[in-house]
Amino acid sequence: MMHKPISLISVSLCFANKTCFEDFTASIYPGSRIAVIGRNGSGKSSLLNILRKALEPSSGQIDIPDDPHIGYVEQTINDYENLSGGQRLNKRLTEALALCPDVLILDEPTNHLDIPNRKSLIRMLQNYPGTLIVVSHDVELLCHCVDTFWHIDDQKIHTFSGAYDDYIHELKRQRASVEKELSQLKQNKKETHTQLMKEQQRAAKSKSKGHKSIENRKWPTVVSKAKTTRSNQTSGKKRASINQKNHDLTNQLSKLRLPKIILPNFSLNSGPVACGIILSIEGADIGYPQDRSLLKNICLSLSGKERIAISGKNASGKSTLLKAILGKNNIFKTGHWHLPKNKHIGYLDQHYSNLEPDISVIEHIYKSRPDWHETEIRQHLNDFLFQKNSEVSSLARNLSGGEKARLSLSLISANTPRLLILDEITNNLDLETKAHVIQVLKAYPGSMIIVSHEEHFLNAIGIDHSYTIENAMILN
């Protein structure tokens with residue numbers, strides 16, 4: 001699995017309405033283990049397509065000698081309709097590895113994997129002898145499977161060699177350094193402004209005193225005029241010097257750019273929440289008409305502020321349980337069910353089914369909250385990072401996965417729920433957005449049921465109880 005070095009020379013990628021990155025030069029040597037990271041919509045998947053010659057760069061060139069065997073697994077696999085997301089990934093990955101590729105290119109490979117399959121994939125990637133290039137927001141994968149990072153940010157690709165923890169530490173160090181310098185420059189600018197004001201006041205007093213002295217003939221007029229002239233010249237020089245320093249400081253400030261960190265203000269606040277039981281299921285079976293016992297003898301309860309996580313293998317019935325709680329008509333169920341009304345439940349699934357593909361971002365919120373003025377709607381969307389007119393007017397079908405997740409969360413937040421149900425919410429979130437979602441969910445005051453295979457995420461948001469589905473049963 002050896003190949004000659006692959007070279008990217010001054011590669012740029014631009015679309016009609018945005019520039020993803022410019023002037024990127026790098027070499028990929030045999031055995032390289034590269035993670036491409038960055039915000040949703042920054043151009044990560046497009047860069048993978050450039051590397052596998054499925055997309056031409058806007059400028060620059062890519063030199064791939066001797067056409068190495070490339071195995072590729074896309075982010076969204078539309079084939080194999082009867083299989084779950086994890087089963088589709090496994091099948092496509094098996095097909096890619098059957099080619100004995102020199103280079104393995106994976107786009108968000110852990111998105112739909114259950115915990116056993118996820119750990120199995122990570123072990124396989126650790127032992128893979130060829131060149132690995134992966135787009136991922138999965139912290140565990142980034143920690144164990146790669147040693148080089150290509151970070152797409154602010155229309156540039158920044159490279160770093162080393163462990164993921166070292167990279168995060170370096171980003172924090174750079175940010176702290178820039179913030180310190182920026183703070184000092186702002187202080188200097190404030191001091192120069194104060195100095196300028198004092199100098200102007202001193203010059204004005206000196207000039208006024210000179211005029212009074214001339215009027216009172218306390219010294220000869222010639223001497224008085226000369227003194228006033230010298231004073232004005234000195235004041236002018238000082239003022240010019242301060243203005244120049246002020247100008248220089250302003251230029252320095254404009255050149256400094258703090259790393260952009262997405263900090264949306266999710267307003268998931270369901271108001272007063274009862275401490276009693278809001279959900280109770282006893283002795284229940286659920287399934288579909290053709291399989292009425294997908295899950296058996298379910299006993300589950302949830303208090304007003306409790307948060308629980310449900311895990312299990314792909315196709316074990318996790319999403320079916322959530323649909324039963326939501327009262328979907330195609331779910332067969334028996335037993336005793338005490339559930340909140342649907343209007344008190346916020347639901348976000350991994351396919352963003354609460355979005356309408358042919359209406360815009362702003363229309364989604366308007367339909368949800370017709371009582372809001374446009375100013376309120378735009379402020380709400382601004383909190384979820386839809387800030388430009390082009391972003392607010394985008395149709396849902398044209399949004400990236402992370403943008404769809406943010407719009408779905410904004411809809412939930414617009415009518416804040418007592419119970420929040422999340423099905424694989426982290427699948428399409430970039431690292432920065434995921435970090436803030438963790439902060440938000442930690443502060444969310446209501447009940448929460450979350451299906452997730454990402455242990456790092458579950459630990460971070462503070463789950464009270466975890467349940468596992470095995471052999472058609474929910475085990476505590």
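Student: What makes arginine 397 partly exposed rather than buried or exposed?

Tutor: In this predicted model, arginine 397 has a relative accessible area of 46%; because buried means under 20% and exposed means over 50%, arginine 397 counts as partly exposed.

Student: Where is arginine 397 found, and which residues is it in contact with, leaving aside its neighbours within four places in sequence?

Tutor: Arginine 397 is found in the loop between α10 (389–392) and α11, and, with those neighbours left aside, it is in contact with Pro357 and Asp358.

Student: Why are α8 and α11 called roughly parallel?

Tutor: The axes of helix α8 (residues 361–368) and helix α11 (residues 401–414) cross at roughly 20 degrees, and since angles under 35 degrees count as roughly parallel, the two helices are therefore described in that way. The contact is made by Val361, His364, Ile365 and Ser368 of α8 together with Leu407, Ser410, Leu411 and Ala414 of α11, and these residues divide into 5 nonpolar, 3 polar and no charged.

Student: Which residues of α8 and α9 meet?

Tutor: Val361, Ile362, Ile365 and Tyr366 in α8 meet Glu374, Ile377, Arg378, His380 and Leu381 in α9, a contact with 6 nonpolar, 1 polar and 2 charged residues.

Technical notes
Residues numbered from 1 in each chain as written. Predicted model: local features only at pLDDT ≥ 70, side-chain atom pairs only at ≥ 80, totals over all residues. Heavy atoms only, no water. Axes fitted to C-alpha atoms, helices over the stretch in contact; angles between N-to-C directions. Helix = DSSP H or I, 4+ residues; strand = E, 2+ residues; numbered from the N terminus. Parallel < 35°, antiparallel > 145°, perpendicular 65-115°, else oblique. Contact = heavy atoms within 4.5 Å. Nonpolar A, V, L, I, M, F, W, Y, C, P; charged D, E, K, R; others polar. Buried < 20%, exposed > 50% of the residue type's maximum accessible area, 1.4 Å probe, protein only.
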